[in-house]
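Please find below a short note on the structure, arranged as numbered points. Each point may be read alongside the sequence and the 3D view.

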Amino acid sequence: MLRAKGITKTYWNGPKELCVLKDVHLEVAAHEVIAIVGPSGAGKSTLLHILGGLDDPTQGEVYLDDFCLSTLNDTAKAMVRNTRFGFVFQFYHLLQEFTALENVMMPALIRLGGRGVITGDAKKKAADLLAFLGLTERLTHRPSELSGGEQQRVAIARALMNDPEILFCDEPTGNLDYESGRQLQDFLMRLN
Ligand code: ADP
Ligand code: MG
(Lines give C-alpha, C1' and ligand atoms only; values in the text may rest on other atoms or scores of the structure.)
(Ligands and ions follow the chains in the order given, each with its own letter.)
Protein backbone atom coordinates (compact mmCIF):
# COMPACT_ATOMS: atom_id res chain seq x y z
CA MET A 1 0.00 0.00 0.00
CA LEU A 2 2.79 2.39 0.94
CA ARG A 3 6.22 2.14 -0.57
CA ALA A 4 9.32 4.26 -0.06
CA LYS A 5 12.15 3.98 -2.55
CA GLY A 6 15.63 5.31 -1.91
CA ILE A 7 14.59 8.00 0.55
CA THR A 8 17.38 10.40 1.42
CA LYS A 9 16.92 13.51 3.53
CA THR A 10 19.62 16.09 3.96
CA TYR A 11 19.36 19.26 6.02
CA TRP A 12 21.68 22.18 5.62
CA ASN A 13 22.64 24.19 8.64
CA GLY A 14 24.50 27.04 6.97
CA PRO A 15 27.33 25.37 5.08
CA LYS A 16 27.07 22.20 7.16
CA GLU A 17 25.32 19.25 5.61
CA LEU A 18 23.40 16.84 7.83
CA CYS A 19 22.28 13.63 6.19
CA VAL A 20 19.48 12.23 8.35
CA LEU A 21 18.10 9.50 6.08
CA LYS A 22 20.23 7.57 3.63
CA ASP A 23 18.65 5.47 0.91
CA VAL A 24 15.73 4.14 2.95
CA HIS A 25 13.56 1.46 1.34
CA LEU A 26 10.32 0.44 2.99
CA GLU A 27 7.14 -1.36 2.04
CA VAL A 28 4.00 -1.46 4.12
CA ALA A 29 1.11 -3.74 3.15
CA ALA A 30 -2.54 -3.02 3.91
CA HIS A 31 -3.45 -4.08 7.48
CA GLU A 32 0.18 -4.23 8.48
CA VAL A 33 1.39 -2.60 11.66
CA ILE A 34 4.99 -1.54 11.70
CA ALA A 35 7.09 0.25 14.26
CA ILE A 36 10.08 2.40 13.41
CA VAL A 37 12.45 2.39 16.34
CA GLY A 38 15.68 4.18 17.05
CA PRO A 39 17.33 6.61 19.45
CA SER A 40 16.35 10.25 19.66
CA GLY A 41 17.65 12.10 16.62
CA ALA A 42 17.78 8.95 14.47
CA GLY A 43 15.33 10.43 11.95
CA LYS A 44 12.06 8.69 12.89
CA SER A 45 9.93 11.84 12.75
CA THR A 46 11.63 12.96 9.55
CA LEU A 47 10.84 9.62 7.91
CA LEU A 48 7.22 9.64 9.11
CA HIS A 49 6.72 13.18 7.82
CA ILE A 50 8.04 12.14 4.42
CA LEU A 51 5.92 8.97 4.31
CA GLY A 52 2.86 11.00 5.32
CA GLY A 53 3.37 13.57 2.57
CA LEU A 54 4.14 16.36 5.03
CA ASP A 55 7.71 16.84 3.89
CA ASP A 56 9.60 16.05 0.70
CA PRO A 57 12.64 13.82 0.56
CA THR A 58 15.87 15.23 -0.87
CA GLN A 59 15.98 12.14 -3.06
CA GLY A 60 13.71 9.15 -3.57
CA GLU A 61 9.98 8.65 -3.88
CA VAL A 62 7.01 7.63 -1.81
CA TYR A 63 4.26 5.67 -3.53
CA LEU A 64 0.73 5.29 -2.26
CA ASP A 65 -0.67 2.28 -4.10
CA ASP A 66 0.71 3.06 -7.55
CA PHE A 67 0.98 6.79 -7.57
CA CYS A 68 3.95 8.83 -6.51
CA LEU A 69 3.14 11.38 -3.80
CA SER A 70 5.73 13.87 -5.04
CA THR A 71 4.02 14.15 -8.42
CA LEU A 72 0.91 15.60 -6.77
CA ASN A 73 0.48 19.34 -6.41
CA ASP A 74 -0.07 20.77 -2.93
CA THR A 75 -3.86 20.74 -3.19
CA ALA A 76 -3.99 17.12 -4.35
CA LYS A 77 -1.50 16.10 -1.67
CA ALA A 78 -3.54 17.88 1.01
CA MET A 79 -6.61 16.01 -0.22
CA VAL A 80 -4.82 12.66 0.08
CA ARG A 81 -3.65 13.57 3.57
CA ASN A 82 -7.14 14.66 4.60
CA THR A 83 -9.03 11.67 3.24
CA ARG A 84 -6.60 8.75 3.40
CA PHE A 85 -4.04 9.54 6.11
CA GLY A 86 -4.28 10.22 9.79
CA PHE A 87 -1.24 11.78 11.42
CA VAL A 88 -0.52 12.03 15.14
CA PHE A 89 2.35 14.45 15.62
CA GLN A 90 4.93 13.91 18.30
CA PHE A 91 4.13 17.40 19.61
CA TYR A 92 0.37 17.17 18.86
CA HIS A 93 0.06 20.44 16.89
CA LEU A 94 -3.47 21.07 18.10
CA LEU A 95 -5.03 24.40 17.17
CA GLN A 96 -4.82 26.45 20.36
CA GLU A 97 -7.85 28.66 19.78
CA PHE A 98 -10.21 25.71 19.34
CA THR A 99 -11.68 23.30 21.87
CA ALA A 100 -10.83 19.60 21.97
CA LEU A 101 -14.09 18.78 20.19
CA GLU A 102 -13.50 21.41 17.49
CA ASN A 103 -9.95 20.18 16.95
CA VAL A 104 -11.23 16.65 16.39
CA MET A 105 -13.95 17.87 14.01
CA MET A 106 -11.47 19.91 11.97
CA PRO A 107 -10.56 17.20 9.41
CA ALA A 108 -14.28 16.75 8.65
CA LEU A 109 -14.65 20.52 8.17
CA ILE A 110 -11.63 20.60 5.88
CA ARG A 111 -12.99 17.68 3.94
CA LEU A 112 -16.10 19.75 3.17
CA GLY A 113 -13.80 22.47 1.88
CA GLY A 114 -15.73 25.18 3.71
CA ARG A 115 -18.67 24.53 1.41
CA GLY A 116 -20.83 22.66 3.81
CA VAL A 117 -22.07 23.01 7.32
CA ILE A 118 -20.70 20.56 9.80
CA THR A 119 -23.33 17.96 10.46
CA GLY A 120 -24.55 16.61 13.74
CA ASP A 121 -23.07 13.30 12.66
CA ALA A 122 -19.56 14.72 12.55
CA LYS A 123 -20.00 16.30 15.95
CA LYS A 124 -21.30 13.07 17.41
CA LYS A 125 -18.47 11.11 15.85
CA ALA A 126 -15.89 13.53 17.27
CA ALA A 127 -17.51 13.30 20.71
CA ASP A 128 -17.60 9.49 20.48
CA LEU A 129 -13.93 9.31 19.57
CA LEU A 130 -13.03 11.56 22.47
CA ALA A 131 -15.23 9.52 24.80
CA PHE A 132 -13.55 6.34 23.65
CA LEU A 133 -10.20 7.89 24.49
CA GLY A 134 -11.45 8.80 27.96
CA LEU A 135 -11.99 12.52 27.37
CA THR A 136 -15.76 12.89 27.78
CA GLU A 137 -15.20 15.50 30.46
CA ARG A 138 -12.79 17.54 28.33
CA LEU A 139 -14.77 18.32 25.16
CA THR A 140 -14.82 22.08 25.67
CA HIS A 141 -11.27 22.41 27.01
CA ARG A 142 -8.71 24.20 24.90
CA PRO A 143 -5.30 22.55 24.40
CA SER A 144 -3.67 24.82 27.00
CA GLU A 145 -6.18 23.47 29.53
CA LEU A 146 -5.20 19.84 28.87
CA SER A 147 -2.29 17.73 30.09
CA GLY A 148 0.26 16.41 27.60
CA GLY A 149 -1.32 12.95 27.60
CA GLU A 150 -4.78 14.43 27.09
CA GLN A 151 -3.57 16.56 24.17
CA GLN A 152 -1.99 13.45 22.69
CA ARG A 153 -5.31 11.61 22.87
CA VAL A 154 -7.14 14.55 21.27
CA ALA A 155 -4.56 14.41 18.47
CA ILE A 156 -5.27 10.68 18.05
CA ALA A 157 -9.03 11.28 17.90
CA ARG A 158 -8.45 13.99 15.29
CA ALA A 159 -6.31 11.64 13.21
CA LEU A 160 -9.14 9.09 13.22
CA MET A 161 -11.92 11.53 12.32
CA ASN A 162 -11.98 10.82 8.58
CA ASP A 163 -11.44 7.04 8.91
CA PRO A 164 -7.94 7.02 7.45
CA GLU A 165 -6.59 4.03 5.56
CA ILE A 166 -3.17 4.72 7.03
CA LEU A 167 -2.53 6.03 10.50
CA PHE A 168 0.90 7.52 11.21
CA CYS A 169 1.67 7.87 14.90
CA ASP A 170 4.81 9.63 16.03
CA GLU A 171 5.51 8.35 19.56
CA PRO A 172 1.79 8.24 20.36
CA THR A 173 2.35 6.92 23.87
CA GLY A 174 5.29 9.20 24.64
CA ASN A 175 3.31 11.29 27.12
CA LEU A 176 1.13 8.60 28.62
CA ASP A 177 1.69 6.64 31.81
CA TYR A 178 2.39 2.93 31.45
CA GLU A 179 -1.23 1.75 31.81
CA SER A 180 -2.73 4.41 29.47
CA GLY A 181 0.03 3.67 26.97
CA ARG A 182 -0.75 -0.02 27.02
CA GLN A 183 -4.48 0.66 26.58
CA LEU A 184 -3.79 2.94 23.65
CA GLN A 185 -1.59 0.33 22.04
CA ASP A 186 -4.38 -2.26 22.43
CA PHE A 187 -6.85 0.22 20.98
CA LEU A 188 -4.67 0.87 17.92
CA MET A 189 -4.22 -2.87 17.31
CA ARG A 190 -7.96 -3.50 17.57
CA LEU A 191 -8.67 -0.58 15.29
CA ASN A 192 -6.36 -2.04 12.68
P1 ADP B 1 13.76 11.46 15.86
O2 ADP B 1 12.32 11.66 15.57
O3 ADP B 1 14.25 10.08 15.51
O4 ADP B 1 14.13 11.83 17.26
P5 ADP B 1 14.12 13.63 13.93
O6 ADP B 1 13.60 13.03 12.67
O7 ADP B 1 13.22 14.58 14.63
O8 ADP B 1 14.59 12.45 14.90
O9 ADP B 1 15.46 14.38 13.64
C10 ADP B 1 16.57 13.71 13.05
C11 ADP B 1 17.75 14.66 12.97
O12 ADP B 1 17.50 15.68 12.02
C13 ADP B 1 18.04 15.35 14.29
O14 ADP B 1 19.44 15.27 14.50
C15 ADP B 1 17.60 16.77 14.08
O16 ADP B 1 18.41 17.67 14.75
C17 ADP B 1 17.71 16.96 12.58
N18 ADP B 1 16.68 17.86 12.05
C19 ADP B 1 15.34 17.64 12.08
N20 ADP B 1 14.67 18.63 11.47
C21 ADP B 1 15.62 19.51 11.03
C22 ADP B 1 15.57 20.75 10.30
N23 ADP B 1 14.41 21.28 9.92
N24 ADP B 1 16.75 21.35 10.01
C25 ADP B 1 17.92 20.81 10.39
N26 ADP B 1 18.04 19.64 11.07
C27 ADP B 1 16.92 19.01 11.39
MG1 MG C 1 10.73 12.28 16.71
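**Surroundings of Asn162**

1. Leaving aside its neighbours within four places in sequence, Asn162 is in contact with Asn82, Thr83, Pro107, Ala108 and Arg111. The side chain of Asn162 also reaches the backbone oxygen of Pro107, at 3.0 Å.

2. Asn162 is placed in the loop between helix 5 (148-160) and strand 6 (166-169). Its relative accessible area is 10%, and Asn162 therefore counts as buried, the limit being under 20%.

3. The model is predicted. The chain has a mean pLDDT of 92, and 97% of its residues reach 70 or more. Confidence is lowest in helix 6 (residues 178-191), with a mean of 87, and highest in strand 3 (residues 59-64), with 97.

4. Strand 6 runs parallel to strand 5 (residues 85-88), and 4 bridges join the two. Within this pairing, Gly86 stands opposite Leu167 of strand 6. Ile166 and Phe168 form the covered face of strand 6, whereas Leu167 and Cys169 form the uncovered one.

5. Which residues surround ligand 1? They are Tyr11, Leu18, Val20, Pro39, Ser40, Gly41, Ala42, Gly43, Lys44, Ser45 and Thr46. Helix 1 provides the largest share of this shell, 3 residues.

6. A backbone N or O atom of Gly43 lies 2.9 Å from an oxygen atom of the ligand. For an N or O atom in the side chain of Lys44, the distance to a ligand oxygen atom is 2.8 Å, and for one in the side chain of Ser45 it is 2.9 Å. Of the 570 Å² of accessible area that ligand 1 has on its own, the protein covers 61%.

Technical notes
Residues numbered from 1 in each chain as written. Chains lettered and ligands numbered in written order. Predicted model: local features only at pLDDT ≥ 70, side-chain atom pairs only at ≥ 80, totals over all residues. Heavy atoms only, no water. Buried < 20%, exposed > 50% of the residue type's maximum accessible area, 1.4 Å probe, protein only. Polar contact = N/O pair within 3.5 Å; in protein donor to acceptor, adjacent residues only side chain to side chain. Contact = heavy atoms within 4.5 Å. pLDDT = per-residue confidence, 0-100. Pairing = 2+ DSSP bridges. Near = heavy atom within 4 Å. Areas by Shrake-Rupley, 256 points an atom, 1.4 Å probe, with all protein chains shown as cover.
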